[in-house]
Amino acid sequence: PLRTSMAAYFSYMRLSEEQQAAHASVSVPLRLLRLLLKHPSELRDDFAAGVATTPPAAWRGIVPQLFARLGHPVTAVRAQVQSLISSIGSVLPELVLYPALVEQASAAASAQLGAQELGVSVSGSASSTAAAAAAAAASQAGRLSITERLRAEQPKMVEQLQQMIAELNRCTLLWEDLLAGVLTSQSSDVAARVGKLRVEARRVRANTKLTDSEKERIVCDKY
């Protein structure tokens, strides 16, 4: 039944594209994607055969959902989704290149800013943290592979789009704004440390067993 349903869905998508039907619904491609996600081992060959005989433009309505599955834990699913996105990008590069390049630029910017926020968000279990990191790495690797394939087909378009994204990032986030954000995030920590130093200094000065010179020396040396 699953293979029959998948074959029928692919036939519908092919006929719709051949007849240029004005179908705004994305339910059929989403159902096909859902079948692959739920039954990857049984249906991956049927899915690959259906994709090979279906126009890539038939999937244009679910490109964001396909990108979201690049970090799927099953290798076969990731490979099928990556191949499908690359096929769509060959026909409709404007739907694929921008999200792929923007995500890469965001990841590079996050790495440049450092792991300040990442160090705070480790409250989950070790297994869930490792799974999330693996999914993020797989997704990033998939986007990079898709970009490199499209770069070979449309080198000038990729270069121009990268320049545009870089300029948008430069205009959107000024260095002054970035510095202000860093100072704001550190201000609470600095205030807490200053408060602790004042408490310790008062404790030393309240010690009756020390002379005034010894108190001043301890405060200067330690605080």
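A contact here means heavy atoms within 4.5 Å. By that rule, residues 24 or more positions apart make up 72% of the chain's contacts with a separation of 6 or more. This is a predicted model, where local features need pLDDT of at least 70, side-chain atom pairs count only at pLDDT 80 or more, and totals for chains, interfaces and linings use all residues. Residues are numbered from 1 along each chain as its sequence is written, and side-chain values use heavy atoms, with hydrogens and water left out.

**The overall picture**
- You'll find eleven helices and zero strands in the chain; helices (H or I, at least four residues) and strands (E, at least two) are DSSP runs, numbered from the N terminus.
- The chain has 223 residues, and 27% of them count as buried; buried means under 20% relative accessible area, exposed over 50%, and partly exposed in between (1.4 Å probe, protein chains only).

**The nonpolar core**
- A nonpolar core is a set of buried Ala, Val, Leu, Ile, Met, Phe, Trp, Tyr and Cys residues joined through side-chain atoms within 4.5 Å.
- The largest one has 33 residues, and Phe47, Trp59, Leu66 and Ile85 touch the most other members.
- Helices that each give this core at least two residues include H1 (2–18), H3 (40–52) and H8 (126–153).
- H2 brings the largest share of this core, six residues.
- Leaving out residues up to four places away in sequence, Phe47 touches Met6, Phe10, Leu32, Leu36, Trp59, Gln80 and Leu84.

**A look at helix H2**
- The buried residues of H2 are Val28, Pro29, Leu32, Leu33, Leu35, Leu36 and Leu37, and they pack against H1, H3, H4 and H5.

**Serine 16**
- Ser16 sits in helix H1 and counts as buried because its relative accessibility is 6%.
- Ser16 and Ala58 are 42 residues apart in sequence, yet 8.2 Å apart in space, C-alpha to C-alpha.

- Tyr98, Met164 and Leu168 make a nonpolar surface patch of about 270 Å².
- Patches are made of residues with over 30% relative accessible area and no salt bridge; like charges are joined within 9 Å, nonpolar side chains (Val, Leu, Ile, Met, Phe, Trp, Tyr) within 5 Å.
- A salt bridge is a side-chain nitrogen of Lys or Arg within 4 Å of a carboxyl oxygen of Asp or Glu.
- Leu168 belongs to helix H9 (residues 155–172) and is partly exposed, with a relative accessible area of 40%.

Methods: Areas by Shrake-Rupley, 256 points an atom, 1.4 Å probe, with all protein chains shown as cover.
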